[in-house]
Structures are given as structure tokens and as C-alpha cells.
Amino acid sequence: MELVGPNSDADDTPRRISAVRDTLQLIQSDDPSSKIEAAREIRRLTKTSHRFRRQFSAAVAPLVDMLRCDSVEANEAALLALLNLAVKDETNKTCIVNAGALEPIISFLQSECPNLREHATASLLTLSASSINKPIIAASGAIPFLVEILRHGTLEAKADAVLALYNLSTHSDNLPLVLDAAPIPPLVDLLKTCKKSSKTAEKCTALIESLVSFDEGRTALTSEEGGVLAVVEILESGSLQSREHAVGTLLTMCQIDRCKYRDPILREGVIPGLLELTVQGTSKSQLKAQTLLRLLRESPYPRSELQPETLENIVCDLISQIEGEDQSGKAKKMLAEMVQVSMEQSLRHLQQRALVCTPADLSIPSCASEVSSK
């Protein structure tokens, strides 16, 4: 029975009210089949309608009760309905957690049913977006099971687990709990296989950036085969935001212990990517890339007044230290391109200044003629 579509016109308000009332009666009935039918109807109606999410908030408690029954069919129907109720609705997110949904949802992460594991992971992703829920979810013991999904879940479940862990990590007290679950090896594995410009790569790198502020996180990343290289590849090929997190990761490592991490970072061929970031990254990326280049020098301090601390001089020093003809050649080419871009930017800046100046500003009769002659 289809009661009413989620995008019905405003003239259907009586039908909407009737649909909500009838469905709420079904979800609270004693008949298991009726409850499943009602849960599926709630899922359908709340998929795209915030109004229905508000109107069905009374269904949270009976849906949570369905999570505890022995029927996988009922579990799945209730889980999907709760997932849609929580999307973009802060009140429902907190109500679902307060109603006791976390215990059964976390148990589903260990289920033999792949669908239940995927739906449970997606549910924790949605619920963890609430700042109120972050410490509660972490305290419930969900983090190790999310990391286990990172290791052995489907690709979709892994992507949702990364986002859920990232959400939880933004509450600072949760970071040690995330670190204790040893997430860096599966995060590195996921970075190696996922699309470098994807949201998954972005959140993986953001999470790694937070974790390397701890000694255990830095040790885990450098001990993992291809760990630093995976971050360098994101620095080169990721989205703008991912590249910012990647350079932030390497910069944090060097700022904390330059002597220990300088060589492992240089060995992965980071210089070309850093050069590109100095001219093409976000403003934060550019600043971080320039700072990291200075730290990667043999000496992080100016050597003499005859060699000023310019970015070109810093990079030239670094290029002379790079082993391997391919790396050095690529870095030299990038440096030449960087200098060219810098010159072009300076020229455009001078032209713009000339265009807005007035005759009184100059010792020549008119600035327009100067510009037109170029």
C-alpha cells in the first residue's frame, strides 16, 4: 500500500497527516509483518523529505526495538528507516542514540550478513556527524569495529568507515581511542587503492594528518610499507583539500622531529609535488609547502648573506641532494616552471598597478601609453 509520495504537493496535507498516522500505528503494532511494512514505508517517505523526518520522529523508539529482534529482515528494515530519519536532522540523530540504538548497531558491524554490516557502518557515519553523539559513540566501543571494517569490509563500507572515523576524530578526546585501534595500516591500504581525488582519499589523509601529531601515529606511518609514499602521491594527485592535508601531514612530522623524518620524506620524491603546491595549491598549502621545503634542506637556516633565503635557492640546494637522475631532472623542470609562473604573476601585478595609477603618481605624462606599448 503506497500511502503518499515524499514530494507530494502542499494540497495533499490531509493525505500526509493520514499517511503518518497510519504508518505510526503500524510500526507500534504487535504484528511483525506490519512493523516491517511500516519501517519500509518510513524509509521511503523520509528519503528526501525533511518534513516527514520531523513527523516520523515518534517512530524512533519502536524502530530501535526492531533492531533487537531476531529477524534479519526486520533489523535491516528498521536500520534503513533510522538511517533516513537521521539524515540532515540533528534532533533525530541524538534521539536515535538516546533510544539505545548504538548497542545493536555496533553488533551488526560484526554480523555475518554483509548488508547489515554495510547499513550499520552507514548509520554510524550519519550519527557521528552530530557533535553531541561523537563522544557517546566513541565511548560505546564502536571505533575498533569501524577499523575492522576498514580492514575487511566492502569498498563502500570502507569509505563509510573512514568518514565515520574522521567525524569521531574531530572530537579531540576521541583521537587516542582511534589511534589505539591501529587504523594507519588499513588507511594506507585504502589510500593506495582509492581514487586520489575522491572524498575517501581526502578523509583518509585528514585522519592521518591528525594521527601523526602522536608519536605512535608517526611510527605507524613510517613503519608501514609505502606509508609515506601514499601521502606523497596524494600531495601530487589529490584534490586541493586532500593535498593540503597531505602536506600538513609531512610538515607536522618534520616540525616535530626533522632529523628523524627528513630523509624518509625526501626518499619518496616529494620535491616536485611541493614545488607545484607553492604555486598551485590553496593559500594554506602554499605556505605549508614553502615551510616544509625549508625544513627539508640540509640546514634549515640561511648559510650566508650571499645566498639569500629565497625559495629558488632553497630548492636548488634540495635538488643537489636528490639521488637519481629522473627525480633531479623532474625537480629542475618544476623549478624552472615555478620561476616562470612567478615572473608571469609579477608582470601581471605590475600591469594591474599601472592600469589603476594616475598621472600624478608618475613622473611621465600618462601611464596608459606605457601599458599599450608593452
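Of the 374 residues in this protein, 48% count as buried. The model is a predicted one, and its secondary structure comes to 23 helices and 0 strands. Among contacts with a separation of 6 or more, 66% join residues 24 or more positions apart. Here is a friendly tour of the core, some helix packing, and a few local details worth a look.

**The nonpolar core**

- The largest nonpolar core holds 94 residues. Nonpolar side chains in soluble globular proteins tend to be buried together.
- Ile-27, Leu-63, Leu-221, Leu-250, Val-270, Leu-274 and Leu-296 have the most contacts inside this core.
- Helix α5, residues 72-86, supplies the largest share of this core, with 8 residues.
- To see the surroundings of Ile-27, set aside its neighbours within four places in sequence: the residues in contact with Ile-27 are then Lys-35, Ala-38, Ala-39, Ile-42, Ala-59, Pro-62, Leu-63 and Met-66.
- Ile-271 sits in helix α19, which covers residues 271-280, and Ile-271 counts as buried at 2% relative accessibility.
- Between Ile-271 and Leu-296 there are 9.2 Å from C-alpha to C-alpha, and the two are 25 residues apart in sequence.

**Helices α4 and α5**

- The axes of α4 and α5 come within 8 Å of each other and cross at roughly 145 degrees.
- This crossing of α4 and α5 is left-handed.
- On the α4 side, the contact is made by Val-60, Leu-63, Val-64, Met-66 and Leu-67.
- On the α5 side, Ala-74, Asn-75, Ala-78, Leu-79, Ala-81, Leu-82 and Leu-85 take part.

**Helix α6 and the stretch around it**

- Lys-88 lies in the loop between α5 and α6, the latter spanning 90-98.
- Most residues other than glycine have a negative phi. Lys-88 is not a glycine, yet its phi is positive, about 55 degrees.
- Is Lys-88 buried or exposed? Lys-88 is exposed, with a relative accessible area of 71%.
- At the start of α6, a side-chain oxygen of Asp-89 comes to within 3.2 Å of the backbone nitrogen of Thr-91.
- Within α6, the buried residues are Asn-92, Lys-93, Thr-94, Ile-96 and Val-97.
- The cover over these buried residues includes α3 (50-55), α4 (60-67), α5, α7 (102-108), α8 (114-127) and α9 (133-139).
- After α6 comes Gly-100, with a positive phi near 90 degrees.

**Another positive phi**

- Ala-182 also has a positive phi of about 55 degrees although it is not a glycine.
- The place of Ala-182 is the loop between α12 (175-180) and α13 (184-193).
- Ala-182 is partly exposed, at a relative accessible area of 37%.

- Ser-237 is in helix α16 and is partly exposed, with a relative accessible area of 45%.
- Ser-237 and Ser-197 are 40 residues apart along the chain, while their C-alpha atoms are separated by 6.9 Å.
- Leaving aside neighbours within four places in sequence, Ser-237 is in contact with Lys-196 and Ser-197.
- Ser-239 is found in the loop between α16 (227-237) and α17 (240-256).
- Not counting residues up to four places away in sequence, Ser-239 touches Lys-196, Ser-197 and Glu-202.
- The side chain of Ser-239 also makes a polar contact of 2.9 Å with the side chain of Ser-242.

**Cysteines**

- How many disulfides does the structure hold? The structure holds 0 disulfides.
- Cys-254 is buried, with a relative accessible area of 1%.
- Cys-69 is partly exposed, with a relative accessible area of 30%.

Key: Residues numbered from 1 in each chain as written. Predicted model: local features only at pLDDT ≥ 70, side-chain atom pairs only at ≥ 80, totals over all residues. Heavy atoms only, no water. Core = buried A, V, L, I, M, F, W, Y, C linked by side-chain atoms within 4.5 Å. Buried < 20%, exposed > 50% of the residue type's maximum accessible area, 1.4 Å probe, protein only. Helix = DSSP H or I, 4+ residues; strand = E, 2+ residues; numbered from the N terminus. Contact = heavy atoms within 4.5 Å. Disulfide = S-S within 2.5 Å. Polar contact = N/O pair within 3.5 Å; in protein donor to acceptor, adjacent residues only side chain to side chain. Axes fitted to C-alpha atoms, helices over the stretch in contact; angles between N-to-C directions. Left-handed = near helix turned anticlockwise from the far one by under 90°.
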